[in-house]
4 protein chains.
Amino acid sequence: MPRPLPDSVLAVTDGSPEQVRAHILSAAVQVMTRKGVSAASTRAIAEEAALSGGTLYNYFSTREELVARAIVRHSLEVTASIAAFPARAGTHTVARNLQFFVTEAGKALDRILPLLAAAFADPGLLDAVRREMLDSFPLNDPAAAVEKYLLAERRLGRVATGADCRAVASILVGLCHDDAFQRHLHASDERPTRHKEITLLVRSLTGTR
Amino acid sequence: MPRPLPDSVLAVTDGSPEQVRAHILSAAVQVMTRKGVSAASTRAIAEEAALSGGTLYNYFSTREELVARAIVRHSLEVTASIAAFPARAGTHTVARNLQFFVTEAGKALDRILPLLAAAFADPGLLDAVRREMLDSFPLNDPAAAVEKYLLAERRLGRVATGADCRAVASILVGLCHDDAFQRHLHASDERPTRHKEITLLVRSLTGTR
Amino acid sequence: MPRPLPDSVLAVTDGSPEQVRAHILSAAVQVMTRKGVSAASTRAIAEEAALSGGTLYNYFSTREELVARAIVRHSLEVTASIAAFPARAGTHTVARNLQFFVTEAGKALDRILPLLAAAFADPGLLDAVRREMLDSFPLNDPAAAVEKYLLAERRLGRVATGADCRAVASILVGLCHDDAFQRHLHASDERPTRHKEITLLVRSLTGTR
Amino acid sequence: MPRPLPDSVLAVTDGSPEQVRAHILSAAVQVMTRKGVSAASTRAIAEEAALSGGTLYNYFSTREELVARAIVRHSLEVTASIAAFPARAGTHTVARNLQFFVTEAGKALDRILPLLAAAFADPGLLDAVRREMLDSFPLNDPAAAVEKYLLAERRLGRVATGADCRAVASILVGLCHDDAFQRHLHASDERPTRHKEITLLVRSLTGTR
DNA sequence: GATGAATGAGCATTCATTCAT
DNA sequence: TATGAATGAATGCTCATTCAT
């Protein structure tokens, strides 16, 4: 019988469907990152959002849709900083910038991986995530950001004209994925610097021997 | 009606504990790959194995142990062929061999990724997988296999003396991980050839420009 | 079909949480007294209450809590009449009143004993019962009621000044326990009158020989 | 396929059905007293007896029969010492002897009560226990032992001729039951001496005021 | 006889979803 | 429109019992 949204919700939203939806998604992200995706039951999300369980269904049609949307939204937020990477062109050294990317992308992946892993483990959820990604496009494409950065450096003359920027970008992102994968698999906190690989790539980019 | 294993099980095993255990693990892998790890309930596994639910517990002490063992065992089987990769040293061309590796490792990863992802999504299961991996050591380490291959090529003179074989191996494996990740995330069947990246790596290996 | 309580439940409650809780507790008592505490599974209780199994958990957090509460509540109800016993002081004869107590307490114990026995047999349940008893205090203490009655009789002059009322009360309650125990152990319906023991006690109380 | 009983069993029995049965009952008693009746699964009993689970069914037709028999046997053993009580007639003082009885019977009841409680909680088991008791008759009847003791004292002149020995015996046993009951219900280790009640009884026995 | 694996009903509990209020 | 109680299927796991060997 109680009609208005609880005060605690109105305190952080204007009560509009969009904002309430966003509020619920934030709650879902909170729960998922704190306790894991499997702990993100509708009850837990509703509690975190300070809403009744039934209310969720006024904003999302199933738990799957809600969780998928939360995963994608969180991924977008976490990778947002990557969009700024091309702006580093011309600053520091190329090697140091690539190193920086590996470190930052690594941190971002650490936060995303558990959520995407949960999606990979559940075909229905994975489908929902895919649908959601299509709607949310363009996703932050890390390889594209790196390529953009390298092309800028090429224009600045800090990278050889013939360098295959796309290939180097792909490789760099691959390294990040590998690192995150290994870290999770072996419960390691070590964050490899990838010095040697970056050196190899820089040589390739600059044409030095 | 308690005693003999059902005919359907005896048809594919000799009834020995080892084979029954393997049969159950196969059933678990079947279910997990077909329906996702989250659908691999004890009931579903028992049904797939054509066994009663209680019987599972004569062979495994918890569902977690059973699933973890199935994941690790499947991973070992799928990556077994990688151990043979170093033997390609001296055959074909280095580029073609690396290409071959990317393709084969990609196929293997496609089969493993969903299972490992499920482990990543469930802390308890991940722990069990780690324990299981320790028992099953040595795991097939793809980067080590590639490095071994490259070192052999260097001995054969097909790779420059100064080439950083370890770094190239790391990069190659990173590419594979990235490919598999992208493929799963986007439900793609495309298998990128990674021609350009391999070219870059070969140049680095041979010291050509 | 999720929402309203079934008609059969609304027929005996007003639908308020307190009454539904009481209804569930009654169902639990029914099952326990009819089939034994070991048969009081959540399913059986839910069925007796004409509710879905999950609904129980909206009113009690575990089966143990539910069963313990049912046991204590039932015990309180059954022993409620004992609180009125002291009011008999001055009426009838002391012997007849003690006889009356033995009979009434015996009937009450017959209904309680199997439930308390079940608690004795299950450490976890026993703990829960103890906790519940603390909350429900003051429990009806039969010995205290008898002592209170005897002290009143002493004030009225129907019991000798030097009589040890506490000791007599203890003894009387002990007789009741013994009777109930024997009755249950031997599936007997016989209700011993305890004439001779009461005579002995009355002599002690009145100082007659 | 293994035919003979395991060595560990043959080490403590002669392999005859009676002794094997007794061995199994001992194992059951061990488990029940150590872990509680609810932990006395057939598996646990078989393990304690160092026998295969199926073997139990060559000696007992159901778990219920086995457990009931173990309970009754244990009760007989524990109360065996009571048979010796009448021999105390003429020694010490009557009061002290009654005190001794209360203490000893209390200890015995503490060991029996959890087992009988479990039986009271489960109608099927209780029936089995009753059947078993009929077969095992005569049970050690504590009240009868006390009465026998008191009659002997009467013959010795330490108890008045007119004393109602039967009634006093009943009362004393009732006190023991009550004590055990209270102890279990309140998780108490206190063992009340029952000084005042015994004094009352002794006065009744000796005709003193 | 002794074995121990197979059985499947049974257990307490959780959960996404619904819908009368 | 928000609520929160009702639902009942599903979960991992245990257990007494059977019976081919």
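How many residue pairs are in polar contact across the interface of chain B and chain A? Hold that thought for a moment. One thing to keep in mind while I talk: this is a predicted model.

Okay, chains B and A. The answer to my opening question is twelve residue pairs in polar contact, with both partners at pLDDT 80 or more. On chain B, helices α6, α7 (123–136), α9 (165–186) and α10 (195–206) each bring at least two residues to the side that touches chain A. The largest share comes from α9(B), with 15 residues. If you sort the residues on that side of chain B by class, you get 20 nonpolar, eleven polar and nine charged.

There are salt bridges here too, two of them across the interface of chain B and chain A. One I'd like you to find on the screen runs from A:K196 to B:D164, where the closest N and O atoms are 3.8 Å apart.

Now, how much surface is involved? For chain B and chain A that's about 3,400 Å², and carbon and sulfur atoms give 69% of it. The contact takes 40 residues from chain B and 38 residues from chain A. Which three residues of chain B supply more of the buried area than any other three? Those are B:F120, B:L185 and B:L200, and they supply 20% of the area that chain B buries against chain A.

So how do these two chains sit relative to each other?

Chain D goes onto chain C by a rotation of 175 degrees with 0.2 Å of shift along the axis, at an RMSD of 0.9 Å. Here 95% of the contact residues of chain D recur in chain C, so again the same surface serves both copies. 

For the contact itself, chain D gives 38 residues and chain C gives 40 residues. Together they bury about 3,400 Å², 69% of it on carbon and sulfur atoms. On the chain D side, D:F120, D:L185 and D:L200 lose the most area to chain C, together 19% of what that side buries.

Between chain D and chain C there are two salt bridges. In one of them, C:D164 pairs with D:K196, with the closest N and O atoms 3.8 Å apart. As for helices, α9(D) gives the largest share of the side of chain D that touches chain C, 14 residues. By class, that side has 20 nonpolar, nine polar and nine charged residues.

What about chains that don't touch? Chain B and chain D don't, and their nearest C-alpha atoms are 12 Å apart. No contact joins chain A and chain D either, and there the closest C-alpha atoms lie 32 Å apart.

Last stop, aromatic rings. Over all chains, the structure holds twelve aromatic pairs. Take B:F85 and B:Y149: the ring centres are 4.7 Å apart and the planes are at 40 degrees, so the pair is tilted. B:F85 is in the loop between α5 (63–79) and α6 (94–120) of chain B, while B:Y149 is in helix α8 (residues 142–156), so the pair ties together parts that are 64 residues apart in sequence.

Notes: Residues numbered from 1 in each chain as written. Chains lettered and ligands numbered in written order. Predicted model: local features only at pLDDT ≥ 70, side-chain atom pairs only at ≥ 80, totals over all residues. Heavy atoms only, no water. Contact = heavy atoms within 4.5 Å. Least-squares fit on C-alpha atoms with pLDDT ≥ 70 in both. Buried area = accessible area lost by both parts, 1.4 Å probe. Salt bridge = Lys/Arg side-chain N within 4 Å of Asp/Glu carboxyl O. Helix = DSSP H or I, 4+ residues; strand = E, 2+ residues; numbered from the N terminus. Nonpolar A, V, L, I, M, F, W, Y, C, P; charged D, E, K, R; others polar. Phe/Tyr/Trp six-rings, centres within 6.5 Å; stacked < 30°, edge-to-face > 60°. Polar contact = N/O pair within 3.5 Å; in protein donor to acceptor, adjacent residues only side chain to side chain.
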